[in-house]
Amino acid sequence: MGRVSGATASHGRASRSAELAKKALGIRPRSTAGADAKPRPGILEQGRLGASRYAENGAIDWVQTLLRGRPKTREDLAHKARKGAAQELWLVVIDASASTRRNQALSDAKGLLAQLFDDAYRQRARVAVMTASGSAPQWHVSGAKASKALDQWLEGLGAGGGTPLLDALHEVVRWLEVRRKQFSQEQQRFLLVTDGRLKERSSLPGLDCLGLLIDIERGPIRLGRARQMAAELGIDYQHIDG
């Protein structure tokens, strides 16, 4: 009976991880032109991720064709525009301090992250991954395409030490500023996994990036700081247990 209950609980945690990963990957940019507006192409006239451009073949755009005048040859036909798909970046910060070992919190979070990394790999998204533990945050991936190598790294991830999460968030802000200058058309998402237990509390930096905070605080006594943190950062909030 105990084994059955354990398997059921494990399956339940896996299902929740999959749901949270889908929610994180489902975050899309807010439109500045109204709720029903569609994303516009980039302003660049050239390049794989630039503005819309006319194709040399494919479906004929009769409106644009006739605006040019009555077509006389095949070269006078305008074909429907093609749009380059904007590159996506997933920036993930993982609080791996000692407190996240409690009640299997980090272990279950790793299940969520494994699902997210797998989905990012399938969608050919780029990822940036930072851990906040010990005395200073550490980058593990900084903008590379998602790969299966992340699975092995994630499997060996452990928790311990302090919580340099504030330093991590400030580093993320600086990194994003540089990144946006290099890839102005990139669609960026932010995921923060933390229990919100910071020894030192000060004002949080403005991220200016759509994101989601996964709260992994568990136990009979919960401080509930992660929800407030999400509000200050201006990102969505979700507890890992739903």
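Visitor: Which residue forms a salt bridge with R218?

Guide: This is a predicted model, in which local features need pLDDT of at least 70 and side-chain atom pairs count only at pLDDT 80 or more, while totals for chains, interfaces and linings use all residues. Residues are numbered from 1 along each chain as its sequence is written, and side-chain values use heavy atoms, with hydrogens and water left out. Taking a salt bridge as a side-chain nitrogen of Lys or Arg within 4 Å of a carboxyl oxygen of Asp or Glu, R218 has its closest N and O atoms 2.8 Å apart in the pair with D108.

Visitor: Is D108 buried or exposed?

Guide: Buried means under 20% relative accessible area, exposed over 50%, and partly exposed in between (1.4 Å probe, protein chains only). With a relative accessible area of 8%, D108 is buried.

Visitor: Where does K148, which meets D118 in a salt bridge, lie?

Guide: The side chains of D118 and K148 meet at 2.9 Å, N to O. D118 lies in helix α3, and the pair ties together parts that are 30 residues apart in sequence, because K148 lies in the loop between β5 (136-145) and α4 (149-155).

Conventions
Helices (H or I, at least four residues) and strands (E, at least two) are DSSP runs, numbered from the N terminus.
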